[in-house]
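I want to keep a record of what I looked up in this structure, one topic to an entry. The sequence and the model come first, and my notes follow.

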Amino acid sequence: MNDMVSIPREEYERLREAAEDLEDILAYDRAKDRHEESVPHEFVTRIIDGEHPVRVFRDWRGMSAADLSRTSGVNRVQIHEIETGKKNGSVQTLKKIAEALGVTVDDLI
C-alpha cells in the first residue's frame, strides 16, 4: 500500500524539526543512562575554543601543573610544553597524563 498524503510545507518543516528534537532527547537519555561522568559546559567550551585539553582537564580536576607532574610522573616542564602547544607529547606521556586526570588519551588529542 503506497498512500500519499499532502501537507503544507510549513507543517512538513515543523514535523521535521520535531523529529530532530526527539532524536536529541533520545540521545541525551541514552547518554544519561550510561552514568558516565560529564564535563561541565564551561570546560568543553574552552576545548572547542582551542585551549589544550590537558590544561582544561587539569583545571577541571583542580590540579596545578606540579600536582599533575607528581601524579603522572611527567616532568612539569614537559606538561607546560604540551599545554602551550610547543610539543605534542609521546603516546606514553599522554597515557600517563590521561590516567592521572581520569580521562582517556582520546580526550587529550
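**Overall make-up.** I counted the elements and found seven helices and zero strands in the chain, where helices (H or I, at least four residues) and strands (E, at least two) are DSSP runs numbered from the N terminus. Read along the sequence, the pattern is α-α-α-α-α-α-α. I then looked up the radius of gyration, which is 22 Å, well over the 13 Å that the globule rule gives for 109 residues, so the chain is more spread out than a compact globule. For my own reference, this radius is taken over C-alpha atoms, and the globule rule is 2.2 Å times the number of residues to the power 0.38. Along its principal axes the C-alpha trace spans about 70 × 30 × 25 Å.

**What I am working with.** I note that this is a predicted model, in which local features need pLDDT of at least 70 and side-chain atom pairs count only at pLDDT 80 or more, while totals for chains, interfaces and linings use all residues. Residues are numbered from 1 along each chain as its sequence is written, and side-chain values use heavy atoms, with hydrogens and water left out.

**Burial and surface.** What share of the 109 residues counts as buried? I found 22%, where buried means under 20% relative accessible area, exposed over 50%, and partly exposed in between (1.4 Å probe, protein chains only). The accessible surface of the chain comes to about 8,300 Å², and 50% of this belongs to carbon and sulfur atoms; the areas come from the Shrake-Rupley method with a 1.4 Å probe, and for residues only the protein chains shown count as cover.

**The core.** The largest nonpolar core has 16 residues, and those with the most contacts inside it are Val54, Phe57, Leu68, Ile97, Leu101, Val103 and Leu108. Helix 3, helix 5 and helix 6 are the elements that give two or more residues to this core. Such a core is a set of buried Ala, Val, Leu, Ile, Met, Phe, Trp, Tyr and Cys residues joined through side-chain atoms within 4.5 Å. I picked out Ile97, which lies in helix 6 and is buried, with a relative accessible area of 0%. Leaving aside residues up to four places away in sequence, Ile97 touches Val54, Leu68, Ser72, Val74, Ile79, Ile82 and Leu108, contact meaning heavy atoms within 4.5 Å.

**Helix 4.** Which residues of helix 4 are buried? I found Leu68, Ser69 and Ser72. They cover an arc of only 100° around the axis, which puts them on the same side of helix 4; the arc is that of the directions from the helix axis to the C-beta atoms. Just after helix 4, Gly73 takes a positive phi of about 80°.

**Helix 5.** In helix 5, which runs over residues 76-83, I found Ile79, Ile82 and Glu83 buried. Seen down the axis, the buried residues of helix 5 fall within an arc of 95°, so they line one face of the helix. Their cover includes helix 3 (53-60), helix 4 (65-72) and helix 6 (91-101). Just after helix 5, Gly85 takes a positive phi of about 80°.

Glu83 counts as buried at 12% relative accessibility. A polar contact of 2.7 Å joins its side chain to that of Arg58; by this I mean a pair of N or O atoms within 3.5 Å, where within protein one must be able to donate a hydrogen and the other to accept it, and residues adjacent in sequence count only if both atoms are side-chain atoms. His52 lies in the loop between helix 2 (41-48) and helix 3, and its side chain reaches the backbone oxygen of Ile82 at 3.4 Å.
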